[in-house]
Structures are given as C-alpha cells and as structure tokens.
Amino acid sequence: MHEQARQGLRPPVRRQGTRRRTLQAVAAMAIGVMTLAALTQPASASAASAASTGQTDPVQRALNALVHDDGMPAALASVKNHDGRTRTRTYTAGVGDLATHAPVPVDGQVRIGSNTKTFVAVVVLQLVGEGKIALDADIDTYLPGLVRGKGIDGRRITVRQLLQQTSGLPNYTNYLGDDVRYYTPRELLATALRHPADFDPGEKWAYSNTNYIVAGLIVQKITGRPLAKEIDRRIIKRVGLRHTYFPAPGDASIREPHPHGYYRESADGPLRDITEIDPSWGWAAGQLISTGSDLNRFFGALLAGRLLPPAQLARMRSTVPAEATFGPGARYGLGLVSRPLPCGGLSWGHGGSFPGYETRSGATDDGRAASVAVTMQLTDEASRRNLERAVDTALCR
C-alpha cells in the first residue's frame, strides 16, 4: 500500500522509528553490499529462444536493470504471450538467497501484498451477484455500529466506497506500533478508528488499506466463514491457482520454493533477510502468497468473465482517477487498476508491496498477462516506475 502505500502494503517498518528494534530480531542476518554485476542470472530455459539475433530478450533486459541499476537482490517475471496461447515464459535475474548465492527459483512464490485486494473485491462482487450484498448499501447494513470515529460513521460509507478507496477511512498501516506479532482484523480496524477521517465519504479518492479490512469483515459476516476459506473456495480452487494461498494464523513461512526477501533500513545500510514474518497485519489488504504465473491466471480469468457475471465485472471496471498513487493515466475501479500501455490499450491489474517483496501485475482483454516481482520493497519513485515499465515491456513485446 502506498503513499505510505503506493500499490500495496507499505510496511510499518518504513515509518520513522517504527518496528526498527523488532526488525533486527526478525531479520535472520545482515548481508554486506555485493557487487551488483554478480547478481544477474540468465533467463530460465523457457525464455531461451529470445536470443536468435544475439540480442537479450527485452523482458530479461528489464529484469537485469532492476538488479543492476535499482539494486534489487533478485527479480522474476512470468509472461503469457500476446497471442493468447497458454504457454508462459518465465525469467529471473539476481540471486535468490544472498547468504548461499542460491539461484532465483523460476516462478517462485512471493508475498503479493495488495494484489490481495483484487481477490477480496472479487469475493464481495460475487456476493453482490448472489444478492447477498448491495454495493450502495452502507457498512452498518452488515456491520452495525462497528465503524465509528471522529468524522467516521459506517452509516455514511457504502460498500462501493470501500472497494473504490473513496470512503475517507484513515490508513491503519500508518499507525501500527513496534510489535511484530499476530493481529486480528478488528485490532487493525481499531487502530484506524483512533484517528480522524481523511475526508467525507465520496469526496475524493485516497488509498487506504483500512477499506479492505472492513470489506473482509463484511465477507465474513455475510458468509459465516473465514475470509481465507472464501477466497480459497470461490477463486483459488475455481480457476486452479495451485501456488496461491492465504497463510494461516501464526504462519510466517513461505511454503514452496521462493527467493528470499530483504529490507534495507537506510539507503547505505545492509540488506536484512526478512523472508519470514507474521503477515497478519496485512490480512484482507495484503496477506496472500502467490506466483507470477498464478497471478497471470487469476487476472486473465477475471477479465475473461470466469469469476464474475458481466454486470459485476462491468462495475469492477468502472474507474475513477488514481494518478497520484498509480502513475500517469491510472484509474482505480473496485479493487482493480487500469493503466495505459505504451503500445496502446489498457492493462488491468494491481500491485503489491510487503516487507521483502514488491510486485506488479497486469492483463489485457486480448489475453496477454505479465507479473514482475522484486525481492525488496521499493522506496523511491524511479524504481517503482522501472518495475511498472518492466510489466509494460512484457505486455507490449
């Protein structure tokens, strides 16, 4: 999540003094600065056909630049061809584990941060299609009396405003304390409600992770089931996402092969391994783990109408300007971002940021899809734009 939260969970560790003491306990080790030239690995075998002219594949060049120029320990990508065939190309650059110099796992699992929001929005819109939730009903219809604070009243905020980031609810991740521990969703909401509203509901657009905590609580209230189980039943199993899951309470690990994620406290500080961390403070706003290929499958299935009826998909794609957070020409729908492509048309997707990882994903209506991840959270605008350009390069090649 950006602004503290650009496209995903902006970690509490970014705030001045926040979680710095506990980060040192969480981090497995400090890694000295390595020579960046030693970090670039060739593309995986599935991308080997790119070099018949002797030139490096443009996607591989983009990943190499993320490692060499932006200082990422590793970068990895999964790309579905523009012709709509199911064959996927995978790419890697850098080193998967700085302590052992292990290679980057091809299509490895990463923490996908705020890409989780699109999954949650899909579940809410499925419930809308089933007549169990109304987009323009207020929060109190489903969670009576729960959302109250200074300038905050759940009777004045609609479900649509939650999903579209126009509620004015303050962003709880700006106010988390130093404890790296398990958080319940209601603790996260309570953290936000101790602070005044950012603006009146519907007055403007501003990215707040709190919106999706409330949306997740609505899903649980309506279905009577944990959010994780609803995502698993309604999306993960339905479209065959074999490497995507919502970590169980207390599970700080990543199950399958994955590159290690790193954190740097200052521009010239050492990289610290932060791969294993309790992700509960992200919950409905950013807790999922997945792979690039699974994200491509998810966004492709969504745009193809395999997850939502036409009416609900159209509502999801009804957007408002979001350039301040997502860049030039970007617009935000209901948990879905549209961005103009340099080769024409739009990509639809999201992005995610979580301690140790940053991801960008996009898909097009004609069947192209691409996901790119790096193994360190991005803290400067130039690096974020480079990551977004890597996705654009993959979609436009």
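Let's start with Q165: at 0% relative accessibility, Q165 counts as buried (buried means under 20% relative accessible area, exposed over 50%, partly exposed in between, with a 1.4 Å probe and protein chains only). Keep in mind that this is a predicted model, where local features need pLDDT of at least 70, side-chain atom pairs count only at pLDDT 80 or more, and totals for chains, interfaces and linings use all residues. Residues are numbered from 1 along each chain as its sequence is written, and side-chain values use heavy atoms, with hydrogens and water left out.

**The chain as a whole**

- The protein chain has 12 helices and 15 strands (helices, H or I with at least four residues, and strands, E with at least two, are DSSP runs numbered from the N terminus).
- Of the 397 residues in the protein chain, 57% are buried.
- Take the contacts in the protein chain with a separation of 6 or more: residues 24 or more positions apart account for 71% of them (contact means heavy atoms within 4.5 Å).

- The chain's mean pLDDT is 88, and 85% of its residues reach 70 or more (pLDDT is the predictor's confidence in each residue, from 0 to 100).
- Residues 1-7 have a pLDDT below 50, and this stretch has 51 contacts in the model beyond near neighbours in sequence.
- Residues 11-54 also have a pLDDT below 50, with 103 contacts in the model beyond near neighbours in sequence.

**The open sheet**

- An open sheet is formed by 8 strands, in the order β3-β2-β15-β14-β13-β12-β11-β10, with antiparallel pairing (two strands pair if DSSP finds at least two bridges between them).
- At the edges stand β3 (88-94) and β10 (320-321), each with a single partner strand, so one side of each has no neighbour in the sheet.
- Strand β2 (residues 74-80) runs antiparallel to β15 and is joined to it by 6 bridges; here S78 stands opposite S371 of β15.
- On to β14 (residues 357-363): this strand pairs with β15 in the antiparallel sense over 6 bridges, and A363 has A369 in β15 as its bridge partner.
- The hairpin of β14 and β15 has 5 residues between the strands, and G367 there takes a positive phi near 105°.
- Strand β13 (residues 346-354) and β14 run antiparallel, joined by 7 bridges, and W348 stands opposite A363 in β14.

**Inside β15**

- All 6 of the 6 residues of strand β15 (residues 369-374) are buried, so the strand is largely enclosed by the rest of the structure.
- In a regular strand the side chains alternate between the two faces of the sheet.
- Both faces of β15 are covered, with A369, S371 and A373 buried on one side and A370, V372 and V374 buried on the other.

**Helices and what they pack on**

- Helix α3 (residues 115-129) packs against helix α7 (residues 227-236) at an angle of about 75°, with the axes 10 Å apart (axes are lines fitted to C-alpha atoms, for helices over the stretch in contact, and angles run from 0 to 180 degrees between N-to-C directions).
- That makes α3 and α7 roughly perpendicular to each other (angles under 35 degrees count as roughly parallel, over 145 as roughly antiparallel, 65 to 115 as roughly perpendicular and the rest as oblique).
- Making this contact are F119, V120, V122, V123, Q126 and L127 of α3, together with L227, E230, I231, R234 and I235 of α7.
- α3 also lies across β11 (331-332), β13 and β14, running at about 115° to β13.
- In α5 (185-193), the residues P185, L188, L189, T191, A192 and L193 are buried, and their cover includes β5 (148-149), β6 (152-153), α6 (210-223) and α8 (283-286).

**Residues to look up**

- Back to Q165, in the loop between α4 and α5: this residue has a positive phi of about 65° although it is not a glycine.
- T173 is found in the loop between α4 (159-164) and α5, and counts as buried at 2% relative accessibility.
- The T173 side chain makes polar contacts with the side chains of N171, at 2.9 Å, and N209, at 3.1 Å (a polar contact is a pair of N or O atoms within 3.5 Å; within protein, one must be able to donate a hydrogen and the other to accept it, and residues adjacent in sequence count only if both atoms are side-chain atoms).
- Y262 is found in strand β7 (residues 262-264) and is buried, with a relative accessible area of 1%.
- A polar atom of the Y262 side chain lies 2.8 Å from the backbone nitrogen of L98.
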